[in-house]
Amino acid sequence: MPALNLDTDADQIAERLTSAGTLLVACLCAEWCGTCRDYREGFDLLADAHPDICFAWIDIENQADRFDDLDVENFPTVLIEDAVTTRFFGTVLPQTSIVARMLTDLSALPGVVGAPKIRPALVAA
């Protein structure tokens, strides 16, 4: 299944994230960003390869009211979050192999101090 889009699939995202064991991988992007649009196909393929993970495509400009405290400086920004902590939050090169590598060993991502947690806002959809 390709990544869920928060603009159209908010209920499905909320449903998937009600299970505490579901990992969230979100791409925070903007429709006007050409790099993000190019990254989308690879992100969808990554979601297809990991059906047990909730992959979400979030246009932060369309969702500004929901994430008003979220500070995204560059695109694409990826957030990897479990039920306890944000494992990764940062800009990545538009190569899905980077995220794929992070997903192979979450223990190498001990958590990011001060990083946002977006799961509560997504579950409250």
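A residue counts as buried when its relative accessible area is under 20%, as exposed when over 50%, and as partly exposed in between (1.4 Å probe, protein chains only). By this rule Cys-36, at 1% relative accessibility, is buried. The model is predicted: local features need pLDDT of at least 70, side-chain atom pairs count only at pLDDT 80 or more, and totals for chains, interfaces and linings use all residues. Residues are numbered from 1 along each chain as its sequence is written, and side-chain values use heavy atoms, with hydrogens and water left out.

**Cysteines**

- The structure has 0 disulfides, a disulfide being a pair of cysteine sulfur atoms within 2.5 Å.
- The sulfur of Cys-36 lies 3.2 Å from that of Cys-33, its closest cysteine sulfur, which is too far for a bond.
- Cys-33 is also buried, because its relative accessibility is 8%.

**Sheet**

- An open sheet of 5 strands runs in the order E1-E3-E2-E4-E5, with mixed pairing; strands (E, at least two residues) and helices (H or I, at least four) are DSSP runs numbered from the N terminus.
- E1 (4-5) and E5 (86-91) are the edge strands, each with a single partner, so one side of each has no neighbour in the sheet.
- E1 pairs with E3 (residues 54-59) in the parallel sense over 2 bridges, where pairing requires at least two DSSP bridges between the strands.
- Asn-5 has Trp-57 as its bridge partner in E3.

**Helices on the sheet**

- Helix H2 (residues 34-49) packs on the sheet and touches E1, E2 (24-29), E3 and E4 (77-81), contact meaning heavy atoms within 4.5 Å.
- Helix H3 (residues 96-104) also packs on the sheet, touching E2, E3, E4 and E5.

Key. Axes are lines fitted to C-alpha atoms, for helices over the stretch in contact, and angles run from 0 to 180 degrees between N-to-C directions.
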